[in-house]
Amino acid sequence: MSNQKPDRAWWYGCVIYEIYIRSFYDSNGDGVGDIQGITKKLDYLASLPIDAIWITPFFKSPMKDFGYDISDYYAVDPLFGEIEDFEEMIEKAHALNLKVIIDQVWSHTSDTHSWFVESQSDRDNPKADWYVWSDAKADGSPPNNWLSVFGGTAWEWNESRQQYYLHNFLKCQPDLNWHNLNVVREIMKVAEFWLEKGVDGFRLDVCNYYMHDPSKLDNPSRTEGMPIQDGVSPLNPYSNFINLHNINQVQNIKSLRRIRKVLNKYPGTISLGEIAAAEDPMRQTVEYIRGDKRLHTAYNSSLLVNEKLTPELVASAQEELSLHLEDDEEEMICLTMSTHDFPRARSRWQPQNPETIPAFEKWLVTLLACLRGIICFYQGEELGLTETEISQEDMQDPLGINFHSYFAGRDGCRTPMPWETEKANWGFTDAVTPWIRVDENFNSLAVDVQEEKPDSLLHYFRKMLRWRNRQPAMKYGDFDPIEVGRDVLSFIRKVRDQRLLCVFNFAEETQAYLVSCRYGKPVMSSGVTSFEVTNLGNGDRTIEMEAFGFAIFEREF
């Protein structure tokens, strides 16, 4: 059984809040969120209460993929401010006891990066091997059948070198060659630069894409009935192949040692990896955090699915985690239900009965907070923000533009935060036109509106996280499933001195659940309509939970 350890790292069981910087808060009226905007809202963030913020890329970039195409790892893009703004922000965050995690995109750069400009110039320059280059086949076609996540071949022809270069994403995002130690050394210099600035860690974008198979063999086709990769649409041609040779290489995991070695020089810092398009997501995620020479933690798409959220899905993810994690180790994955890359959970699992939505919103927050792991909320989840419908004409996301016939893209979860209901653009920006339109339905969800309502989701979010932060079993404990039914999930979170029974109704109808006499009245609950002693004569009691009701009990020792 896991025990509460006073010397646990700060991040073990912590709560992280993802900030999509473009849409968080605009401080200078240009229509785009910025670093000073984060600084102005740090008091709000500290009030939630959370342990750390994760900020999406703010580095110099042509913004073809909105910051995930970096042209200078050392420079803040003028769109987001200056390096002094970042230094001021991190100083205030630390004063409020908030850790700061920043995105690092080390699998690829922008094609405008000076490294690539030099690399593509010819085959003999000092950076000629800093990217993944390959000759064409005899007929001039790409070297193999590898596909880009964003559509089409993963290879782009370059006239200067008369070769193809690899791009797992947009063609303007050439892949770095992690087999070249000079590349890795330079990336580690980037890491140290930001660690010296005081960051508390890195979120590593698609870190399982760092290395490819040097043989560059064709990927095998996916056979009928075979499950597709985690987080990939079955309509995306990328899902037609088993990505055996272009990503998820064994050498990739070994390369993490260099990252951990650098972070170890800065005690208390953390690496949070994104494991994308995994064939066996939980196993592969745990492999990336196994032991003390890999990443500290990582997350995958196990709870980012569009399919119905069921007790079995949640329990299987937690049980699989327990199966792969070793006992008494400092290993823990990160769990999230929404990010800037996926439709919002509130909309993915929308209840059929609108009257159950308020209960469902509290239920979602509570369920995630009760699971074993580091918990990550995406900006606006504390307000109950929904997915925004973006027309094809208004799309900004290149992924949505490429696949608009069957995929709405990622714009819908990236619309601006609503701060003040009486202001234009709900207080996000003074600009007439923000970088992407605000959602007209967000006015009733704005922060100032919810602050004035004692029963709002925002106030409940704070209450739930404050309670969770005081429970050793929630932060550090094991997960033991008790009942995994069609509509009800119950489990125990436990450490040596605390045992919590969590019961969740996944249905839109009332459900009953038998509670052992060893547990008293709920310490946290919603939608529990009755609490009656059974006629079994042993002191057990039955609770009835309305739609999306839940109850948490503490065992009386």
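The residues that line the largest cavity divide into six nonpolar, three polar and four charged; here Ala, Val, Leu, Ile, Met, Phe, Trp, Tyr, Cys and Pro count as nonpolar, Asp, Glu, Lys and Arg as charged, and the others, Gly among them, as polar. This is a predicted model, in which local features need pLDDT of at least 70 and side-chain atom pairs pLDDT 80 or more, while totals for chains, interfaces and linings use all residues. Residues are numbered from 1 along each chain as its sequence is written, and side-chain values use heavy atoms, without hydrogens and water.

A cavity is a set of points, on a 1 Å grid over the protein atoms alone, where a 1.4 Å probe fits but cannot get out; a pocket is an open set with protein on both sides within 12 Å along at least five of seven lines, and lining residues have an atom within 4 Å of a point. Three cavities of 30 Å³ or more are counted. The largest has a volume of about 120 Å³, the space filled by probe spheres set on grid points joined across faces, edges and corners.

Of its 13 lining residues, Ala 345, Arg 346, Leu 364, Val 365 and Glu 381 lie nearest the centre. The most come from α10, with three.

I turn now to the second largest pocket, which holds about 290 Å³ of space. Among its 14 lining residues, Lys 308, Pro 351, Phe 506, Glu 508 and Phe 548 lie nearest its centre. That lining comprises eight nonpolar, two polar and four charged residues.

Notes: Helix = DSSP H or I, 4+ residues; strand = E, 2+ residues; numbered from the N terminus.
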